[in-house]
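Dear colleague,

I am passing on the structure below, followed by my notes on what the calculations turned up. Please read the notes alongside the coordinates.

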Amino acid sequence: MYPKDYRYTKEHEWIKVDGANGTIGVTHYAQHELGDVVFVEMPKVGAQLKARQSFGTIESVKAVSEIFSPVAGEVIETNPALADAPELINKDPHGGAWLIKVRLADRKEASALMDAAAYEAYIAGQAKEHSA
Amino acid sequence: MVNFGGWDMPLEYSGILAEHEAVRTRAGLFDVSHMGEIEIRGPGALGLVQLVSCNNAAKLALGQAHYSGLMTSRGTFVDDLLVHKISDTHYMLCVNAGNQDQDYQHIVEHNKFDAQVENAGPRYCQLAIQGPRAKDILQRLTPVALDSIRYYHFTFGKASGVDCLIARTGYTGEDGFEIYFAPEHAAKLWGDLMQAGGPAGMLPCGLGARNTLRLEAGMCLYGHEIDDTTTPWEAGLGWICKMEKAPFLGSDVLAQQKRDGLTRKLVGFEMLDKRIGRDGYPVLIGGKEVGRVTSGGPAPFLRKNIGMAYVPPEFSTVGMDIVIGIRGQGETARIVALPFYKRPQ
């Protein structure tokens with residue numbers, strides 16, 4: 001379910017590092033919690049993001065949620081497919097529904113985030129809290 | 001699952017959009033057993049109903065129901081409800097889950113008619129089957145000729161062999177039925193209805209779709225559009241407020257407000273851009289807050305973002321533009337007529 005080569009945040013974003021750049025999206029867990037996504041608000045290309053800074057919002061039918069950058073960097077691309085098809089976030093959160101690409105301020109920063117195993121353990125704990 | 005008025009209820013089964021679409025085009029089944037029931041019996045029953053509610057229950061025929069408000073002495077809402085006339089001396093009120101106990105207390109406090117008032121919620125479960133195919137699906141399980149039940153009327157009969165009160169009412173803007181019965185039959189009736197409705201494309205629906213459907217149909221939700229600070233005039237519910245039957249609780253205040261004019265009115269709006277004005281967001285005129293969004297969100301069937309809000313009367317005209325404050329930014333919304341959605345006749 002959760003790609004082994006991605007890193008994950010407690011706010012349910014993922015980042016895939018590819019050399020100097022990173023691709024950022026939200027996780028399957030996040031899309032499931034959000035429900036049907038109807039609108040995504042993106043940052044401008046060129047925006048400078050700090051780690052854990054809010055860079056946009058995802059609106060689902062029932063709620064609006066902020067999206068936080070897992071790392072520091074400059075936005076170099078936003079996913080054009082999401083403007084007309086925000087529901088991609090529900091269908092393909094780890095692939096086609098990536099949100100932004102950033103030029104990393106620090107190539108090593110993402111390695112401090114959770115790996116897939118740690119994230120899966122983390123969301124298992126969250127699910128328990130929910131049902132309690 | 002979410003906690004709603006003390007009940008654990010599913011927000012969605014397959015997804016709010018899919019469930020909403022099913023109700024508008026086929027059918028949906030809602031477990032609304034959380035809704036409260038209060039029964040009023042005896043020769044004084046009508047007098048009590050007339051005192052505490054604003055619609056005119058004296059006009060109800062046997063087997064007829066109407067939408068009404070349970071009023072405070074200030075002319076505001078304790079709750080909104082459906083009043084069913086079972087006989088000249090027996091009325092069944094369907095009220096909101098979260099208000100049931102205070103509704104009961106309120107009615108008992110004003111019972112100078114020696115009527116019997118029963119907090120009957122625990123004796124009932126309720127299922128709502130809604131949508132253009134609801135009648136045909138339910139008809140497969142009941143000998144009652146559903147065509148003979150007119151809108152906002154009800155009858156007693158069996159469904160799936162279970163004794164039911166079958167009412168042609170709903171909270172979705174579609175044709176459909178709300179069925180009241182004893183709790184021990186709930187699992188059977190749910191299962192049989194799902195089986196009968198499956199081939200017709202019926203989906204089980206949660207609270208999420210219940211809210212988007214009622215919002216699209218421009219219906220009020222207690223705690224949002226109406227509460228104990230809002231009057232029927234302000235909420236656009238003058239049609240359930242029958243001054244000719246006065247006095248009733250709050251009728252003097254309501255008469256006064258009608259003479260004095262309103263300081264705010266409930267309006268419907270559509271967002272002109274893609275951002276969504278949601279519950280609690282401010283309505284701004286000239287940068288100043290003049291009201292709040294009471295309910296707002298996507299209208300899945302209309303494919304627009306809609307909402308309702310209280311605004312001063314001078315800004316309540318259909319076609320006017322208002323500004324909704326969305327996370328620190330103003331977004332334009334246009335005032336439109338309610339309801340947003342009306343089913344094809």
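For the 345 residues of chain B, a compact globule would have a radius of gyration near 20 Å, and chain B agrees with this at 20 Å, where the radius is taken over C-alpha atoms and the globule rule is 2.2 Å times the number of residues to the power 0.38. The C-alpha atoms of chain B fill a box of roughly 60 × 50 × 35 Å along the principal axes, and 46% of the residues are buried (20 or more other C-beta atoms within 10 Å of the residue's own, C-beta atoms being placed from the backbone).

This is a predicted model, in which local features need pLDDT of at least 70 and side-chain atom pairs count only at pLDDT 80 or more, while totals for chains, interfaces and linings use all residues. Residues are numbered from 1 along each chain as its sequence is written, and chains are lettered from A and ligands numbered from 1 in the order in which they are written.

Chain B holds seven helices and 19 strands (DSSP runs, H or I of at least four residues for helices and E of at least two for strands, numbered from the N terminus).

In chain A, an open sheet of three strands runs in the order β4-β6-β7 with antiparallel pairing (at least two DSSP bridges between two strands). Since β4 (37-41) and β7 (64-68) of chain A stand at the edges with a single partner strand each, one side of each is left without a neighbour in the sheet. Five bridges join β6 (residues 54-60) of chain A to β7(A), and Glu59(A) stands opposite Val64(A) in β7(A).

Best regards

Technical notes. A residue is buried if 20 or more other C-beta atoms lie within 10 Å of its own, exposed if 12 or fewer, and partly exposed in between; C-beta atoms are placed from the backbone.
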